[in-house]
Amino acid sequence: MKYLSLILTLIITLIISMPAYSAHHEKDIVDTAVGAGSFNTLVAALTAADLVDTLKGEGPFTVFAPTDEAFAKLPEGTVEDLLKPENKEKLQTILLYHVVPGKVMASDVVNLSSAKTANDMELFITVDGKTVKINQAQVVQTDIETSNGVIHVIDTVLIP
């Protein structure tokens, strides 16, 4: 009995000292991407395309977010070229192709064969065992919940 009360006290102390489960939900999609540290190119592109405020909006949004490594796979000079002010419209088209209106969790994605993007284009979804692909990009991490949607990490930039 003595040990039981000690264990219960320890468990209660741990629970109280743990951050609230919803704490990571306090950040929106953009702030979550910035905080992750692996989406620097995506954040720079969102800034250049004037889409930061959009993705900080109410949403909900589902973002298939390419990592910095995914952007590095593009032909040399592509990212730099897209970030130029004269290519803002093209960059917006590419970035909005990564956004699906609504909150689509991984459990939903595996039951879809396609999804309409924020710029009214179509993404194609294939599931092969545990591998999920959005067009040619493999989903490498799912269900990063934010205050205004969800992020799924992909290994390739989607080009419409």
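The model is predicted, so local features need pLDDT of at least 70 and side-chain atom pairs count only at pLDDT 80 or more, while totals for chains, interfaces and linings use all residues. Residues are numbered from 1 along each chain as its sequence is written, and side-chain values use heavy atoms, leaving out hydrogens and water.

**The sheet.** Select the strands (DSSP runs of E, at least two residues; helices are runs of H or I, at least four; both numbered from the N terminus). Seven of them form an open, mixed sheet in the order β2-β1-β7-β6-β5-β4-β3, where pairing requires at least two DSSP bridges between two strands.

**A strand pair.** Next, select residues 122-128 (β4) and 131-134 (β5), which pair in the antiparallel sense over four bridges. Here Val127 stands opposite Val132 in β5.

**Helix α3.** Move to residues 40-48, where Thr41, Leu42, Val43, Ala45 and Leu46 are buried (under 20% relative accessible area; exposed is over 50%, partly exposed in between; 1.4 Å probe, protein chains only). The cover over the buried residues of α3 includes α2, α4 (52-55), β1, α5 (68-72), α6 (78-82) and α7 (88-96). Just after α3, Asp50 takes a positive phi of about 55°.

**Asp28.** Finally, select Asp28, in the loop between α1 (2-17) and α2. Asp28 is buried, with a relative accessible area of 10%. Leaving aside residues up to four places away in sequence, Asp28 touches Leu55, Lys56, Thr146, Ser147 and Asn148, contact meaning heavy atoms within 4.5 Å.
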